[in-house]
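Dear colleague,

Here is the structure I promised to hand over. My notes on it follow below.

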Amino acid sequence: MQFTKETMNRLSRQVAKAGVVIALSAAFGSTALAQVKNGEAAPDFTLKSAAGADVKLSDYKGKTVVLEWFNNDCPYVKKHYDSGHMQKLQTQETAEGTVWLTIVSSAPGEQGHLEAAAAQKLVGERKAKMTAFLLDPKGEVGRRYAAKTTPHMYIIDSKGVLVYQGAIDSNSSSDPKTIAGATNYVTEALREVKAGQSVKTANTKPYGCSVKYK
Amino acid sequence: MADSRIYISTTRERRRFALGQVTLRFVLPFIASVSAPTFASPAGEVVLGLGESTRQANSVGQVLLEHNVLQPGVDSQIGLKLRLDPEWHTYWSNPGDSGAAPRFEVRVVGRGVELAQNTQTEVSPGEIVFDPIQFPTPTRIDLPPLTSFAYEGEVMFTRKLRWPRTSSNLGEALKALNVEVEAEWLVCRKECIPARQTWRFEWPVGEQAVPGLRQAEFQLNAERLPKSWSVSRWKWEGRELQLLGVPQSQGQFSEVVDFFPSAESGLSSARPEISRDGDSVRVRFAEDSTSAAGPAQTDFWGLVVVRTPNNASGAVEGFELRGLPQGLTWWRALLFAWAGGLLLNLMPCVLPVISLKMMSLGKLAQQSQREVTHHVLAYTLGVLSCMWVLGVVLAVFRSTGESLGWGFQMQSPGFVIAMFAIFLLMCWALLGRWELGGRWMGWGEGLTQGSSARASYFTGLLAVIVASPCTAPLMAPAMGFALAAPISMMFLGLTALGVGLATPYLLLVLAPSLLRLWPKPGAWMNRLKVLMAMGLGVTALWLIWILSTLWTPLAAALVGAAGVLMLLAMEFRRIRWGALAIALGVLIFAARLPQTSAGPTDEFWQNFSSQTVQRARANGQPVFINYTATWCLTCQVNDRVVFRDADTRRWIQERGVVMLKADWTKSDAEITASLKSFGRAGVPLYVFYPPGGEAKLLPEILTPALFRSEVESALTPSSSGP
């Protein structure tokens, strides 16, 4: 390779780029998202709930678990909560024995971040019926599950295997009027899991605001 | 611009116009905002008129028109222009890890207004079509660990308005379109705010299209739209996209720097790893829980992002990657093209012309072998030169960005009329009626029963011209491959096709002993001549029928009459010039008649459009698309045998299959693009989408049983995912 000025310039630019990337990743820790594929065991985690308790995913082994990523200020979360649709879903499913865990992965200072007291108050205000409202300010659980948007839904069956991940329904509009006509992937998947069938639509592109990681 | 009719010409009009604009843009909105409580307040609930813009979600949105006055038959565009506050962005069709693509719906109701009465005319579906949204190339916005494809500053989303079937009735009654635009867009910085707005206005229709005041913006925007990636072949290997044969940096492109996957592909939005390996570029996508194995089947994969040459500052251009990867290796494609050409000899389009060749060969069989060789080679040369001319035409069109398909000649009425004339003349000549004047004699001989090499050459030319409507079974994938491949490949493919067509006769050169098998000339030849002449006459009638679907039946009948007059002119010397003059007059009259192709519509089929397909698939319905044309014999035969069969229709209706007909009789850019996305360049093509599944291509020659078994096997449940 000829060490012409052009090559040197290009090389030094690339080295500088690499240096910046290394520096940034060192500064902010692992910025990449891991991922869990459908059919794999859902990774266990421990998070503090808004009520102050330590909640472990493995506590719920033997039950179907729904994970819902949440950001109170996101218009897409508002679409489902202002209309009461999400609360209705939570009531419906928890009545059948499903465990519903709502998780907030917003970093401190970012949109949607909640301290325990504020979180408790919010659950009351929203009349939300989740089993537990979990706080993940470091974003570790969100990153582990590759949660990208709020809302982003995951369903884990009673054996601890991930069977659904993606959007809550088929219409990504922010207009609450579109909820009625949309196909709710979560309800359908839960129905199939209950009947012992495999989930037909197991992987959809989630929509919503980005999760506000650190 | 040729026609730049300016609305405002006098000072008084100019002042009035300015006053109107001030009122519209400032006074009225001010009054509206001041008296807000009396209107439905939330931003977006107020319906705006055309000139009004909306400020919401840190952006300003407005609707622009390319033409202030529409002319039926002349395409136009409608645009949604968004101006975003600094630091805020809005999204591409694939927003990336988060965000939402914009929605831009346009609906029309036609309104005919007579001065005396108010008549309402509904625009029937299919008479005015809005193409899907065109997105300019976005930029990648990283907000680690997530990434998005978005626009900052300013962006305009456009939709083309097309008139697929110009009906003169519509043109006269229609004075304006009532248009409703419903738009939704998401604007984000870190947090997101959705915006929604509806506009309702009248879009005037007149005899002459009048460009709008902002037409220049549409032209500028067209430059920001991604072009098509046709630089090289490509294929998938798992999660890696391989672009093969990409020119080095000295050529047209400097570097492939990024790839923005489409929403349908299901690929990870994360920045892919790009590496060069010889003359291929590998784009390796991150593993994403949705597409660990490989991309979902789609016809729009995304944008290849390339740094333009000599541009270190980073200006990039996007190119759309569409279509099925070319699974056919080049030598297999050539083989198929050759075999297809061979089969063409048997197709009803080509047989009449070949029959002419048979005549002269019969005569030649008695002569020397060298003569036969001369004739066969002349024939082959005729075939090949016609193929090469076709290749040049296709190459020229490709370089200007237009796409033509195989069989495009039959979409032009002029060509069909010319062929009709040729066939009529040939038929007449074969019947021995053509013996007038020395001038005509020489020409007639040259075309038909002459024994000169030139005759064979012309027969070869004719064979190719007439073969175009018949896509032999093996030809469809080969031609699709050849026409989409680099130009040298295309010419090779066309040559293989020509050689295939000429092969039966080339065999005579290679194995002269076959000649001895040729029956000796006798009375049977005259009978055969008459039979073949009848065949030619029937083909001429078929061409008139095709013309009746391209134009109106009346116009086609007139052309037929003109043809007959022409023959009479040749037959009877006394009335010759008179008859010719009348024939010409009739032709001109026929050409000036309004061209509707309003035939009886079959309720069984719906019109094809990519939106209809998307909608039906989103509803989970199975979709069947029949790409056909009236001039395509294979299509017509399949149509009659399979789709008109009552039992098959019932079977289809039981399964709730949405049946779409993509009629390619006349040139249609949307259908051409759709064909191209399946790696095809001609009709027939039969595509079946099972619910939630990938497209399945059916064979070109269908029987009811075959159709049913193919659809049935596609419907059996398999593991699926969006």
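**Salt bridges within chain B**

Asp131(B) and Arg162(B) pair through their side chains in a salt bridge, 2.9 Å from N to O. Bear in mind throughout that this is a predicted model. Asp131(B) sits in the loop between β8 (129-130) and β9 (139-143) of chain B, and Arg162(B) in strand β11 (residues 154-162) of chain B, so the pair ties together parts 31 residues apart in sequence. Asp131(B) is buried, at 14% relative accessibility. Arg162(B) is buried too, with a relative accessible area of 12%. Both values fall in the buried class because the cut-off is under 20%.

A second pair is Arg140(B) with Asp258(B). Their closest N and O atoms are 2.8 Å apart, and they form a salt bridge. This pair links distant parts of the chain. Arg140(B) has a relative accessible area of 12% and is buried. Asp258(B) is buried as well, at 5% relative accessibility.

There is also a network. Salt bridges with shared partners join Arg103(B), Glu105(B), Arg107(B), Glu180(B), Glu182(B), Glu184(B) and Arg200(B). One of its links is Arg107(B) to Glu105(B), with the closest N and O atoms 3.7 Å apart. Arg107(B) is partly exposed, at 36% relative accessibility. Glu105(B) is partly exposed at 30%. Over all chains, the whole structure holds 36 salt bridges.

**Where chain A meets chain B**

Chain A and chain B bury about 2300 Å² between them. Of that area, 50% is on carbon and sulfur atoms. Chain A brings 31 residues to the contact, and chain B brings 26 residues. On the side of chain A, Lys148(A), Asn203(A) and Lys205(A) lose the most area to chain B. Together they account for 23% of what that side buries.

How many salt bridges cross the interface of chain A and chain B? The rule finds three. Asp175(A) and Arg196(B) meet in a salt bridge through their side chains, at 3.6 Å from N to O. Two elements of chain A, α2 (75-82) and β9 (209-210), each supply at least two residues of the side that touches chain B.

**A buried serine in chain A**

Is Ser106(A) buried or exposed? Ser106(A) is buried, with a relative accessible area of 3%. Ser106(A) belongs to the loop between β4 (99-104) and α4 (116-126) of chain A. A polar atom of the Ser106(A) side chain lies 2.9 Å from the backbone oxygen of Gln111(A). Leaving out residues up to four places away in sequence, Ser106(A) touches Asn71(A), Gln111(A), Gly112(A), His113(A), Pro137(A) and Lys212(A).

**A nonpolar patch on chain B**

Trp331(B), Leu335(B), Trp338(B) and Leu342(B) form a nonpolar patch on the surface. Their accessible area together is about 390 Å². Leu335(B) lies in helix α4 (residues 330-344) of chain B. At 45% relative accessibility, Leu335(B) is partly exposed.

**Backbone points to check**

Most residues other than glycine have a negative phi, and most peptide bonds are trans. The following residues depart from that.

- Thr150(A) and Pro151(A) are joined by a cis peptide bond, with omega about 0°. Pro151(A) is in the loop between β6 (149-150) and β7 (153-156) of chain A.
- Pro144(B) and Pro145(B) are joined by a cis peptide bond, again with omega about 0°. Pro145(B) is in the loop between β9 and β10 (146-152) of chain B.
- Lys127(A) is not a glycine, yet has a positive phi of about 55°. Lys127(A) is in the loop between α4 and β5 (132-135) of chain A. At 60% relative accessibility, Lys127(A) is exposed.
- Asn58(B), not a glycine either, has a positive phi of about 55°. Asn58(B) is in the loop between β2 (54-56) and β3 (59-65) of chain B. Asn58(B) is partly exposed, at 22% relative accessibility.

Best wishes

How values were computed. Residues numbered from 1 in each chain as written. Chains lettered and ligands numbered in written order. Predicted model: local features only at pLDDT ≥ 70, side-chain atom pairs only at ≥ 80, totals over all residues. Heavy atoms only, no water. Patch = residues over 30% accessible without salt bridge, like charges linked within 9 Å, V, L, I, M, F, W, Y side chains within 5 Å. Areas by Shrake-Rupley, 256 points an atom, 1.4 Å probe, with all protein chains shown as cover. Salt bridge = Lys/Arg side-chain N within 4 Å of Asp/Glu carboxyl O. Helix = DSSP H or I, 4+ residues; strand = E, 2+ residues; numbered from the N terminus. Buried < 20%, exposed > 50% of the residue type's maximum accessible area, 1.4 Å probe, protein only. Contact = heavy atoms within 4.5 Å. Buried area = accessible area lost by both parts, 1.4 Å probe. Polar contact = N/O pair within 3.5 Å; in protein donor to acceptor, adjacent residues only side chain to side chain.
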